[in-house]
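Work through the exercises below with the sequence and the model at hand. Each task is followed by a solution in steps.

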Amino acid sequence: PATSPWVTAVGGTRLVLRTDNTRRTERVWNDMPYVGGLVPAPSGAGGPSSSFPRPWWQAGSTPVGPRVVPDVAVLGALKPGWPIVYGDGLYSVGGTSGGAPFVAANLAAMSAKQRDRGYPTIGFANAWLYQAAAAKKQPYFDIDRGNNGVQLVGCCVATTGFDMASGLGAPSMDLLYSSLPRPAG
């Protein structure tokens, strides 16, 4: 389903924070080294679609061929994970099942902020996400290390710029929001 051009595909990263809670490093999520050879190891996925041609909004980022995913990547590793409260406990969850709702919630909040300010809401986000990659203040942290090849042998390795392991990179939600087109006046 993630390769549908109407879906924003979210890949995973492994984030290491400094003591002041800022990013020290971030790489493609692949837990193979951390799970003692368990296969399949938890990792993000990516690659070319076998069902959909490349959509027009990916034309500047991807080579000629099919739709490729992910579009963006956010924290997927269990450590530090996404904190959730369940009952009286605080737990950490991981995976793109944690990252995808984070991206969706941020896009929904941005869209509501647009509406409250009298601007058009975001609507279909994929074209804007790719257009934002050309913004003067880059809204994505380029994930250029690691691979998620435990699920698809040979796919996919992070490189500088767009790749099939981390997409456009990890979005900075504030910078992404500031890249939204707004009518003059």
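## Exercise 1: Fold and dimensions

Count the helices and strands of the protein chain and give their order.

Solution. The protein chain has 3 helices and 11 strands, where helices (H or I, at least four residues) and strands (E, at least two) are DSSP runs numbered from the N terminus. Read from the N terminus, the order is β-β-β-β-β-β-β-α-α-β-β-β-β-α. This is a predicted model, in which local features need pLDDT of at least 70 and side-chain atom pairs count only at pLDDT 80 or more, while totals for chains, interfaces and linings use all residues. Residues are numbered from 1 along each chain as its sequence is written, and side-chain values use heavy atoms, with hydrogens and water left out.

Compare the radius of gyration of the protein chain with the value for a compact globule.

Solution. Step one: the radius is taken over C-alpha atoms, and the globule rule is 2.2 Å times the number of residues to the power 0.38. Step two: for 185 residues the rule gives a value near 16 Å, and the 17 Å of the protein chain agrees with it. Step three: along the principal axes, the C-alpha atoms fill a box of roughly 60 × 45 × 30 Å.

## Exercise 2: Salt bridges and burial

Solution. Buried means under 20% relative accessible area, exposed over 50%, and partly exposed in between (1.4 Å probe, protein chains only).

- Arg67 and Asp71 are paired at 2.8 Å, N to O. Arg67 is buried, at 0%, and Asp71 is buried, at 0%.
- Glu26 pairs with Arg23, with the closest N and O atoms 2.6 Å apart. Glu26 is buried because its relative accessibility is 7%, whereas Arg23, at 33%, is partly exposed.
- Arg115 and Asp116 are paired at 3.3 Å, N to O. Asp116 is exposed at 60%, and Arg115 is exposed at 51%.

## Exercise 3: A surface patch

Which residues make the nonpolar surface patch of about 350 Å²?

Solution. Patches consist of residues with over 30% relative accessible area and no salt bridge, like charges being joined within 9 Å and nonpolar side chains (Val, Leu, Ile, Met, Phe, Trp, Tyr) within 5 Å. Ile84, Tyr86 and Tyr91 make this patch. Tyr86 belongs to strand 6 (residues 82-86) and counts as exposed because its relative accessibility is 63%.

Terms used:
Areas by Shrake-Rupley, 256 points an atom, 1.4 Å probe, with all protein chains shown as cover. Salt bridge = Lys/Arg side-chain N within 4 Å of Asp/Glu carboxyl O.
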